[in-house]
Amino acid sequence: MTAYLVAIGIIALIYVLLALSLNLQWGHTGLINFGLVAFFAIGAYVSGILSLNGWPIVLSMTAAVLAAAVAAWPLGRLTLTLKEDYLAVIAVGFSEVVRSVLENESWLTGGPSGLPGVPRLYAQAPAGMRDMLMFMTLVIAVIVVFALLQRLLRSPFGGSLRGVRDNEMAAAALGKNVVSFKTRSLVLGSGIAGLAGAFYAHYLTFISPEQFTPDVTFNVWIAVIIGGSGRNIGVILGTFLLIVFLEGTRFLNDIGIGLDGSQLGALRFILIGLALVLCMLYRPAGLFVKPERG
Amino acid sequence: MLSVTDIHVSFGPLKVLRGISFQAQPRKILGIIGPNGAGKSTLFSAISGFYPPNKGTVKLNDESLHRLRPDQIASKGVVRTFQVPREFGDMTVLQNLLVAGSSHPIDSIMAGLFGGRKVAEAQARILERAHQMLERLNLTVVANNRARALSGGQKKLLELGRALMVQPKVLLVDEPFAGVAPALRDQLVDHLRGLREEGLCLLVVEHDIEAIMQLSDRVCVMVEGTMLIEGSPAEVQADARVLDAYLGAVTS
Amino acid sequence: MPVLQTIADGIANGAILALLAVGLSVIFRLNKFVNVAHVDMATVGAYATLVLFTSVLPIFWLAAIAGVAVVATIGYLSHRLVYRRLRGQRSITLIITSIGVAFILRYLVTFIWGSNQQAFSLPLMRAVRLSDIRMSPYDLVIIALACAIFLGLFLVMRYTSLGRALRAVADNPDLARVAGLQTQKLLTIVWLAASALAGVGGVLLAVKTVITPYLGWAMLLPAFAAMIFGGVGSIGGTFLAAILIGIVSEFAAMYWLPTYRLAAIFGVIVLVLIVRPQGLFGVKAVAK
C-alpha cells in the first residue's frame, strides 16, 4: 500500500511542477501555452539521452532544464506577437511536431519504440528505498521551485507580468516591454517543465513519444483551471484533485462498474470535458477561489 | 519639448490624420478639442508609438521617436492615458500604482530573485510615492479594492495616477474628465495645473469645452484629421470656424 | 508522372480539408474564437452516418445526409447551450470551453464505439485514368462535391441578402444589431451551416480513410493552417489555401516522411505568419 501511495505521490509531484510552470505562464502572464508537453518531453529526452551516454544525472538534468528553456524561445518568438487564439493552436502544433521528431529520429531518440534503460536516480539504493528517496527529492524540488516562484511572483517582476496579463496595451503605455516579459515567462516556465520531464525519465526509466501527447498538456490545464489560476496553492490543490480523480477512477472496476480499460479512459475524459465546460460557465475563476462579487 | 511635424496616419484607405504639426512646451498645458472622429485619440496613439505614423516625425527634445515601441517611448518620458480606462482589473488600486512605478531594472528577474537591500529600498520609495499619489487623487479609501470594481470616474483617476507613477516628462491625457463628478473635476483641474508647475508638459484631449478652456494655456482644434486652428483659449473661442466645425459635425 | 499524381491526391485531401476549415474560419470571424471542437464534429458526423448506414438507412447518401443533420443539430446545441452564454468573454474562456466540448464529443464516441478503426462498407471502385493520373471515383466525387459546396457558399455570401447580412454581422456586430439585423437568427444559421460542413467533411474523410475517434482531431492543425493561410473569413481564400496545404502535405508524405506531414503543415503556418500574416485574402491583421 505504501509503495502504491509513494508511486502516486511521485507522479503527482511531477505534475505539480508542470502545474507551477503553467501557472506562471498562464495564471500570471496570460499565455495560452497549449504546447506544455513539448518541454516536458524535451526535458525527459535530453536528460534520458545524455545520462545514457554517460553523463552524471545531475548534469544531464541541468542540461534538460536548459534545453527546455532554450526551446521555448523560438515558440515565443513566433507566437507572442499574435492573437492569443493563434498562440494556442500553434503551441499544440509545436508540441506535436516535437513528438513527430521524437518518433522519427530514431537514431537519437529510439523512435516509436522509445528509450529504455534510462538510469534511475538513486540507483545505488536498495529497491525499497529508491522510490522513497525519489519522492523526498521531488518534495524538496517542488518546495524549492515553489519558494522561488513565490518570491519572484511577489516581486515587481511578478507585478509587471500580471500587468501584461491584465492589460497589455496599458502595460506598454507604462513602459513595460510586453514581448520581453512574455518571453521570459515562457522560457522560465518551460525550464520548470523540463525539470519535471527529467524527473519523469529517471523515475520511469522508459520513455517513448506516446507518453507526450497533448493529453498531458490538457490534464495540466485542467488542474490549473479547476484549481484556480493564479494562486499557486490552488493550483497545487487542483493537481492533487486531478491525480486523485485519474487514479480513483481506476478503481471503478473494482467496485463493480463493469467497464473495460478504454471505456474507463473515455469516461474519464468525458467527465473532465464536462467539468471544464461547467467550470467555464459557472466558476471561471476555479474551484478553490471564491467568485468575485463586483 | 515635444514636436510633432506633419504626421499622417492611415488605416488602409481611411486617412485619419492628415498632416498634423504642433509643438508642446514644458510647463504648458495644450488642450486638444474637436468633434468626434477628428482623430484626437489617434493622435495620441501616433505620438506614443501605438500607431506609428505613415509620414511625418515626432521628436522629444530633438530626439526622434520614429520606430520605437510604445514601451520604449514611455521609458523616454512620453506617457499616455487611454480614453476608456485600461486598469489592471485583477489587481488592487495600490498594486496598479506599484506596477506602474517599478521600472527597469527593479522589475527584472534578477532583482526579483536576488534583489537584496538596494531593491528593497527602491521598492520602499515606490510604495511611498504610490501612497502620496493615492492621497492626491483621493483614492486612499479604495487602495485595496480590486481595480475592476471601481466606478468609472475612479478608474479615470487611477489611469491618471498610474501614468504619473512613471514620472513622465510629457503626459498625454485622453479625456480625463469623462465620467468624473463635477466636484472632482475641479480638483482634477487644480491637480493638472499643479503638475504643470512642476515642469510637466501636458497634452489634454477633452470634449468638455468649459474644462479645457479653463485648464489650457493653448488650445488646438482638430477637425477630420487636420488642425483647424491653434491659439489661446480666447482666440479659439472667438473663431467662427470652430463653431462651424462643431455645428457642422452635428448636422452632417 | 508521379508529381501530377501527388498533386491530384493532394487536391482530394485538400478538398475535404477545405470543408472543415471554412466552418472553423467563419466561426472564428463571427464569434472571435478558435472552436477546437469543430473538427470533432466531423468525427461525430462520420459515426452518426455509420450508425444510420448500418441500421435504418442502408442507402449511403441518405445516411450521410441524416448524419450531417445530426451534426448540425449538435453544433447548434453547443452554440445555444454553451457558447452563446459566454459571448463576449475572453477567447481563452471560449477556447477552453470548446476543448471541454471536444473532449465530451470525442470520448463519448470512444465510449460507445471504442477506439478501433471502422469503415463504411462501400463498394470498391476501380480507379479512373485521366491521362497520367489515376483517381478513385470517390475522390472525384469528393472534389466535385467540395467545389459545388464552395461555389454555393461563395454565391450566397456575395449575392444574397443573407450573405450581406452575415458579412455585416462579422464586420461590426453592434452596428448590425442597431441596423435591425437579427443577429441571433444569423448566428444560428451560421452555426448550423458550419457544423453541417464539418459533418460533410467528416463523412467524406471517413469514405476516404477509416473511422476512428481521432478522425477529426487529427485535422485541427491542418484546418487551422488553412484558415490563417487563406485569410480568416475569406471563403475563396480558405478553399485555395486548403487545396494548397493538401498538396504540400501530400508531397511531404511522398518525398520526406509520412509522419512529417504534420511538421510540413506546421512549417506552412510558420511561413505564412512570417511572410504574410493576413493570409492570401485575409482582411484583418493577425498581430494585435
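User: Domain bounds here come from an automatic or database domain assignment. How far apart do the C-alpha centres of domain 1 of chain B and domain 2 of chain B lie?

Analyst: Happy to walk through it, bearing in mind that this is a predicted model. Chain B is divided into domain 1, made of 2–87 + 152–251, and domain 2, spanning 89–149. Between the C-alpha centres of these two domains of chain B, the distance is 26 Å.

User: Which helix of chain B supplies the largest share of the side of domain 1 that touches domain 2?

Analyst: In chain B, 11 residues of domain 1 are in contact with 15 residues of domain 2. Eight residues on the domain 1 side, its largest share, come from one element of chain B, residues 152–165, which is helix 6.

User: And how do the residues of that side of domain 1 of chain B divide into nonpolar, polar and charged?

Analyst: Good follow-up. For the side of domain 1 of chain B that touches domain 2 of chain B, the division is six nonpolar, three polar and two charged.

User: What percentage of the residues of chain B count as buried?

Analyst: A residue is buried if 20 or more other C-beta atoms lie within 10 Å of its own. Of the 252 residues of chain B, the share that counts as buried is 46%.

User: Among contacts in chain B between residues at least 6 apart in sequence, what percentage join residues at least 24 apart?

Analyst: Contacts here require C-beta atoms that lie within 7 Å. Taking those in chain B between residues at least 6 apart in sequence, the part joining residues at least 24 apart is 67%.

User: Turning to chains A and B, which helix of chain A gives the largest share of the side that touches chain B?

Analyst: The contact takes 25 residues from chain A and 32 residues from chain B. On chain A, helix 6 (127–154), helix 7 (156–166), helix 8 (168–173) and helix 9 (178–204) each supply at least two residues of that side. The largest share, eight residues, belongs to helix 7 of chain A.

User: Which of the two pairs of chains that touch has the most contacts?

Analyst: Chains B and C can be set aside, as no contact joins them; their closest C-alpha atoms lie 10 Å apart. Of the two pairs that touch, the most contacts are between chains A and C.

Notes:
Residues are numbered from 1 along each chain as its sequence is written. Chains are lettered from A and ligands numbered from 1 in the order in which they are written. This is a predicted model: local features need pLDDT of at least 70, side-chain atom pairs count only at pLDDT 80 or more; totals for chains, interfaces and linings use all residues. Helices (H or I, at least four residues) and strands (E, at least two) are DSSP runs, numbered from the N terminus. Ala, Val, Leu, Ile, Met, Phe, Trp, Tyr, Cys and Pro count as nonpolar, Asp, Glu, Lys and Arg as charged, and the others, Gly among them, as polar. A residue is buried if 20 or more other C-beta atoms lie within 10 Å of its own, exposed if 12 or fewer, and partly exposed in between; C-beta atoms are placed from the backbone.
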